[in-house]
Amino acid sequence: MSAAPAAAAPPRRVVICGGGVVGACTAYFLSTHAVSPTVPTLVERCAPACAASGKAGGFLALDWCDSTPGLSALARASYALHRRLAADLGGVDAYGYRPVHTLSVCVPSVPKPASPHPMLPAWVDPSASAAPPRELGTPDTTAQVHPGLFTKAVLAASGAEVVIGEVERVVVRDGRAAGVAVKGRDGVVDADAVVLALGPWSGRLEVVSEVFDVSGLKAHSILLGPREPENITPHCLFLSYQPEPGAKMLDPEVYPRPTGEVYICGMTKEENPPDDPATITGEPNSIAMLHKIAGKVSSQLKKEEGAEVVAEQACYLPCTTDGMPVIGEMPGVKGCYVATGHSCWGILNGPATGAALAELILDGKAKIVDLAPFSPARFLKRSRRGA
């Protein structure tokens, strides 16, 4: 009887392209793998967490993706991993991990005198709610992190070597990824496995664009320092606001942080990102509207009454044509993996995405979550490579 063929040895040289939350989490779970710990090299054009992973809200929800079965499993696994990572990495102090209350609030176009509602936190003006608020989440089902600090903490814990440079292409030899070419750098960064986690920039690489499209959604945000930060409680607010009769309804979000600062986001539009993340700026009209909404929510957040403007910014969320993330090995290129298209749930789903990719790369199969719904092969019929 002939012996069974030996299992392929796991790759020893892994290069991750992209220093956002997905790249950082993949690096962490590769380096902490129980059987084959592998410390990768990470190539980032600007700086870790310099794009959406540094400018996002950092809101986490256990069950808000339950209407989509594949995404539900990813989100639930990732929510649990966030708790575990917070315990392992000291997340409460290192990056502001904490459970939160979450409310839906309808903000009136024209504020009217109102009595305080028992569900509204004291720092929210009573006139900010046109109807009784609705509870969307409890500290058991919703939480938050500071996304930039989380990404940097996870990346640091991975021990990955960070190379600053722009990835120009994946080097493919005999149908297998052999490394990446970095702009301005002689030679190739050799690899046995390559991970593409470049957010909306993933589609700039031919190996990706031949199979599927990744577009950008520009999202604006402001960060404010309230007059009395010690009075800001952990209540995240999902708002409905119509600036004037007949105008489009807006759905901004308000996230107080443990530092006392308050993050407000919204005002999105479809737009491809510029080449360099460092050049991204917010559009004045969108930033002005967020300030207007902040002032309607709380006098603590009015610039005119002493609130400090800490940041006014924008970032690009990566989106796919079917609204689902793309996670898995690229068809036709062994050893080339992709993880992008998480839209507004990148911070939530980063840990489970990274853990699943690490298992896929080192074990040959993801166990933490079924990656079949996210496979890039689903696009083959309509892609150039499929044709």
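The largest nonpolar core of this predicted model has 64 residues, and those touching the most other members are F59, L60, Y95, F150, I361 and L371. A nonpolar core here is a set of buried Ala, Val, Leu, Ile, Met, Phe, Trp, Tyr and Cys residues joined through side-chain atoms within 4.5 Å. Buried means under 20% relative accessible area, exposed means over 50%, and partly exposed lies in between (1.4 Å probe, protein chains only).

**Nonpolar cores**
- Helices (H or I, at least four residues) and strands (E, at least two) are DSSP runs, numbered from the N terminus.
- I361 is in contact with P11, V14, L30, A193, V195 and Y337, leaving aside neighbours within four places in sequence. Contact means heavy atoms within 4.5 Å.
- Another core, of 25 residues, lies apart from the largest one, and its members include V43, V170, V180 and C336.

**Salt bridges**
- You can find 15 salt bridges in the structure. Each is a side-chain nitrogen of Lys or Arg within 4 Å of a carboxyl oxygen of Asp or Glu.
- One of them joins K183 and E166, at 3.9 Å from N to O. K183 sits in the loop between β10 (176-182) and β11 (189-190), and E166 in the loop between β8 (161-164) and β9 (167-173), so this pair ties together parts that are 17 residues apart in sequence.
- K183 is exposed at 52% relative accessibility, whereas E166 is partly exposed at 28%.
- E283 and K218 also pair up, with 3.4 Å from N to O. E283 is in the loop between β16 (262-270) and α7 (284-297), while K218 is in strand β13 (residues 215-225), so the pair ties together parts that are 65 residues apart in sequence.
- K218 is buried, with a relative accessible area of 5%, and E283 is partly exposed at 24%.
- K269 and E271 form a salt bridge too, their closest N and O atoms being 3.1 Å apart. Through shared partners, salt bridges link K218, K269, E271 and E283 into one network.

**Confidence and ground rules**
- The chain's average pLDDT (the predictor's confidence in each residue, from 0 to 100) is 94, and 96% of the residues score at least 70.
- Residues 1-6 have a pLDDT below 50, and this stretch has zero contacts in the model beyond near neighbours in sequence.
- Residues are numbered from 1 along each chain as its sequence is written, and side-chain values use heavy atoms, leaving out hydrogens and water. As this is a predicted model, local features need pLDDT of at least 70 and side-chain atom pairs count only at pLDDT 80 or more, while totals for chains, interfaces and linings use all residues.
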